[in-house]
Amino acid sequence: MKLRRRLLEVRPMEEIDGRGEYEVDESYFGAKRVRGKRGRGAAGKTPVFGLIKRGGGVYVQIVKNCSKAELMPIIQGNILKGATVHSDGWKSYDGLILNGYDHYRVYHSKNEFARGKSHVNGIEAFWSAAKRRMAKFNGLASHTFILHLKESEFRYNMRERDFYLFLLRELRKNPL
């Protein structure tokens, strides 16, 4: 746990500079479905919002819900006006154009997953990798979930660098 807490402190954020093309999406983390509601609003799941810069890094944050009021400040705090944002058809992304973004959607509900350069495959791939990594733990305590989520973010953002050399340098500067 100490190492995961340290990853929160040293995570490389230069990957998210606010310019360029981004994909935004929300996902739900928790136990596999146990009868009941699926998808958005599924009982007992933790909603997480994520954005990924195409060709760059990812940023994830746990949210109370996936409403426009909850997601828009995160988008505005990480992506500069004038940037291009790709999303799915979720209603919380209404208004991105009014807030100064070039906004393109794909509608999964209409069985559309890509339209030219417009897709959210990058962030969907991150969700898949993060869930696959966390599944190895056979359940996580709610107070450690954020640490595992941010570790997945860190590993993704370090994917083209020597992860272990970076950790060794950081730990040499400031031991656990």
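Guide: Let us begin with a term: a residue is called buried if its relative accessible area is under 20%. Please keep in mind that this is a predicted model.

Visitor: Are Phe-126 and Trp-127 buried or exposed?
Guide: Both Phe-126 and Trp-127 are buried.

Visitor: How many aromatic pairs are there in the whole structure?
Guide: The search finds five aromatic pairs. In one of them, the ring centres of Phe-126 and Trp-127 are 5.6 Å apart and the planes meet at 55°, so this pair is tilted.

Visitor: Why is that angle called tilted?
Guide: Planes under 30 degrees apart count as stacked and those over 60 as edge-to-face, so an angle between these limits is tilted.

Visitor: And what about Phe-154 and Phe-166?
Guide: Their ring centres lie 5.7 Å apart with the planes at 45°, so that pair is tilted too. The pair links distant parts of the chain, as Phe-154 belongs to helix α4 (residues 142-157) and Phe-166 to helix α5 (residues 163-173), 12 residues apart. Phe-154 has a relative accessible area of 0%, so it is buried.

Visitor: Which residues form the aromatic cluster?
Guide: Phe-29, Phe-126, Trp-127, Phe-145 and Tyr-156 make up one cluster.

Visitor: Which charged residues lie over rings of Phe-29 and Tyr-156?
Guide: Lys-131 lies over the face of Phe-29, 5.1 Å from the ring centre. Over the ring of Tyr-156 sits the charged end of Arg-159, at 4.0 Å from the centre.

Visitor: Changing topic, which residues touch the most other members of the largest nonpolar core?
Guide: That core has 19 residues, and those with the most contacts to other members are Val-24, Phe-49, Leu-51, Ile-75, Ile-79, Tyr-93 and Leu-96. Two or more residues come from each of β1 (21-29), β2 (46-53) and α2 (68-78). The largest share, four residues, is given by α2.

Visitor: What does Tyr-93 contact?
Guide: Beyond its neighbours within four places in sequence, Tyr-93 is in contact with residues including Val-24, Phe-49, Leu-71, Ile-75, His-103 and Arg-105.

Visitor: What is in the second core?
Guide: The second core is separate and has 14 residues, among them Val-60, Phe-126, Ala-130 and Met-134.

Visitor: Last one: where is Ser-128?
Guide: Ser-128 is found in helix α3 (residues 121-135). Its relative accessibility is 37%, so Ser-128 counts as partly exposed. The C-alpha atoms of Ser-128 and Ser-27 are separated by 9.8 Å, although these residues are 101 residues apart along the chain.

Conventions: Residues numbered from 1 in each chain as written. Predicted model: local features only at pLDDT ≥ 70, side-chain atom pairs only at ≥ 80, totals over all residues. Heavy atoms only, no water. Phe/Tyr/Trp six-rings, centres within 6.5 Å; stacked < 30°, edge-to-face > 60°. Buried < 20%, exposed > 50% of the residue type's maximum accessible area, 1.4 Å probe, protein only. Lys NZ or Arg CZ within 6 Å of the ring centre and 35° of its normal. Core = buried A, V, L, I, M, F, W, Y, C linked by side-chain atoms within 4.5 Å. Contact = heavy atoms within 4.5 Å.
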